[in-house]
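Good morning, colleagues. Please look at the sequence and the structure on the screen.

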Amino acid sequence: MVSACVSRCMLKALKLAGGQLLEPLMSLEITLGEEHLSPVLADLAQRRGAIHDVQTRHDNKVVLASVPLAEMMGYSTVLRTLTSGNGTFSLQLSSYEAMSSQDQNTLLRKMGGLA
């Protein structure tokens with residue numbers, strides 16, 4: 001009961017303060033075969049990813065992108081499935097970016113126990 005009360009108080013305080021929530025933005029580098037490029041790019045678009053460049057290294061494609069950290073949970077399994085086990089990736093913290101108002105409202109509802 002105390003936890004629910006604290007969650008609702010935090011939700012109300014954040015709404016009244018009118019502040020902006022920031023989320024960690026990750027630099028992502030994916031190395032994969034060219035035949036798997038389209039499904040991987042489509043998956044990144046669903047994860048709110050921004051593609052910066054697609055390069056060629058030897059016989060592989062390298063995708064350079066930025067993606068919110070929250071969208072990357074479980075990504076190794078998804079990439080392994082999309083590339084038949086032949087894709088690799090690395091993540092590095094890039095910056096913090098303001099969340100969109102829609103994503104912020106979704107998070108606040110989730111924190112308040114309403115979602």
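The largest nonpolar core in this predicted model has 12 residues. By nonpolar core I mean a set of buried Ala, Val, Leu, Ile, Met, Phe, Trp, Tyr and Cys residues joined through side-chain atoms within 4.5 Å. Buried denotes under 20% relative accessible area, exposed over 50%, and partly exposed in between, with a 1.4 Å probe and protein chains only. Among the core members are Leu28, Leu37, Val40, Leu44, Val63 and Met72. Two or more residues each come from strand 1 (22-33), helix 2 (37-46), strand 3 (60-68) and helix 3 (75-82). These elements are DSSP runs numbered from the N terminus: helices are H or I of at least four residues, strands E of at least two.

What does Leu28 touch beyond its neighbours within four places in sequence? Its contacts (heavy atoms within 4.5 Å) include Leu44, Val63, Met72 and Phe89.

Let us turn to helix 2. Its buried residues are Leu37, Val40, Asp43 and Leu44. They lie on the same side of helix 2 because they cover an arc of only 130° around the axis, taken from the directions from the helix axis to the C-beta atoms. Strand 1, strand 2 (50-57), strand 3 and helix 3 are among the elements covering these buried residues. The face turned away from the buried side carries the exposed residues Ser38, Ala45 and Gln46. After helix 2 comes Arg48, with a positive phi near 65°.

Finally, a note on conventions. Residues are numbered from 1 along each chain as its sequence is written, and side-chain values use heavy atoms, leaving out hydrogens and water. As this is a predicted model, local features need pLDDT of at least 70 and side-chain atom pairs count only at pLDDT 80 or more, while totals for chains, interfaces and linings use all residues.
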